[in-house]
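Here are a few exercises to work through with the model open beside you. Try each one yourself before reading its solution.

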Amino acid sequence: MASKLIWSPLALPPADKEKAGSWGHATGRIWYREKNLLGRSGLDRLYAASSEEEVKRLLLEHGYPQKDRALDMLAAERDQVYQVLSDITPHDGFYQILVLNRDAGNLKLALKYALLVQDKDPRDFKSQMSRPALLDGDLLWRVLVGGEADKAFPLWAAEVAARARQAYGENYDAASIDRSVDGDIEAIRADLAIHLKADWISGYLDRVRDLTNLETLLRARHRKMSQALYESSLLAGGLIDREAWVRYYQEDDQVCIDDLCHTPYKVLSAHFVSYGDRGGAALFSRDRDKLLAHYLEAGVRTLSGAPRVIAYVMAREFEFKNIRLVMAAVADGLDRESIQALRRDFRKG
């Protein structure tokens with residue numbers, strides 16, 4: 001089941017053709033910042049924390065900016081990480097690949113706000129936006145919600161938005177906006193990686209698409225999703241062809257499990273049995289992240305280059321997920337054993 005190249009019909013985000021830099025310099029900057037990663041011992045302390053103050057002290061020790069709230073420290077550190085990534089990479093495409101997922105969420109938010117919300121409040125809209133992203137909140141508000149023309153609005157975003165509006169207009173189902181934007185953004189990310197000749201990043205994106213499709217299949221099994229809705233939700237590209245994913249809708253679980261045994265996703269086959277159990281979806285999400293981390297971890301062992309830099313960014317992202325889980329436990333008094341079961345370790349050691 002070989003991967004197919006995706007050459008998106010959509011425009012790509014523009015890149016700075018005069019950008020200076022080298023991967024040697026970028027890796028040097030990352031080597032310095034890697035020392036602040038939590039690692040296994042830091043995560044042990046994080047999951048043992050019983051108060052927000054304990055979490056804040058730990059984050060300060062690991063280079064997070066000083067803020068009043070732990071989640072504000074997380075947001076500030078994420079901004080710093082991506083600003084460094086933008087500054088040091090010799091091509092904008094790597095930064096774009098990693099932040100476009102947040103642009104997807106922001107585009108969906110703006111389109112739904114424009115099409116479905118009666119009382120449009122710009123402050124409420126901007127408070128829901130994810131960052132960092134390529135598209136500015138004010139720009140999204142003016143163009144997609146306010147309907148103003150603005151030459152600063154990039155072609156790729158205009159095309160994605162137009163296709164999502166068209167998809168919504170066919171059935172007036174808000175979920176069609178999500179499916180259209182998600183599919184187009186993934187196609188753009190795949191195309192960016194191809195243009196960059198970044199095979200390692202392409203391999204990561206292949207796995208992201210496959211694992212998204214696997215979760216869609218599991219949801220279809222347990223929520224009685226129609227075949228038409230299932231097929232429209234599938235992402236193109238990946239190590240498993242879309243045609244195979246379409247076929248799996250009609251196949252028995254054992255056929256799907258047997259096929260997965262010949263892919264990197266063999267370890268996830270047990271979820272065909274457990275996904276419908278209480279907490280099964282959360283455990284699948286954890287195991288999916290572990291599988292992606294195993295792939296990304298190879299970048300840490302790269303002496304110099306894009307994999308080393310991207311692996312650092314994703315290691316921080318795994319920290320952010322763990323921090324949010326622990327803060328939910330601290331704030332809501334959630335059972336610590338159940339939270340511990342969802343822990344994401346980026347590295348085994």
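**Exercise 1.** How many residues line the largest pocket, and which lie nearest its centre?

*Solution.* Keep in mind that this is a predicted model. Start with the count: 45 residues line the largest pocket. Next, look to the centre, where Asn101, Arg189, Val208, Arg288 and Lys321 lie nearest. The space in this pocket comes to about 1400 Å³. Now sort the lining by class: 19 residues are nonpolar, nine are polar and 17 are charged. Finally, ask which helices take part. Several supply at least two lining residues each, among them H4, H5 (92-116), H10 (199-223) and H16. Helix H9 gives the most, with eight residues.

**Exercise 2.** Find the buried residues of helix H3 (residues 52-61) and work out how they are placed around the axis.

*Solution.* First, pick out the buried positions: Val55, Lys56, Leu58 and Leu59. They cover an arc of only 165° around the axis, so they sit on the same side of H3. Then check their partners: these buried residues pack against helix H2 (39-48), helix H4 (70-88) and helix H16 (306-332). Last, step past the end of the helix, where H3 is followed by glycine 63 with a positive phi, near 85°.

**Exercise 3.** Is arginine 308 buried or exposed?

*Solution.* Locate arginine 308 in helix H16. Its relative accessible area is 13%, and the cut-off for buried is under 20%, so arginine 308 counts as buried. To see its surroundings, leave out residues up to four places away in sequence; arginine 308 then touches residues including Thr27, Trp31, Glu34 and Val300.

Technical notes:
Residues numbered from 1 in each chain as written. Predicted model: local features only at pLDDT ≥ 70, side-chain atom pairs only at ≥ 80, totals over all residues. Heavy atoms only, no water. Buried < 20%, exposed > 50% of the residue type's maximum accessible area, 1.4 Å probe, protein only. Helix = DSSP H or I, 4+ residues; strand = E, 2+ residues; numbered from the N terminus. Arc of directions from axis to C-beta. Contact = heavy atoms within 4.5 Å. 1 Å grid on protein atoms, 1.4 Å probe; cavity = no way out; pocket = protein on both sides within 12 Å on 5 of 7 lines; lining within 4 Å. Points joined across faces, edges and corners; volume = space filled by probe spheres on them. Nonpolar A, V, L, I, M, F, W, Y, C, P; charged D, E, K, R; others polar.
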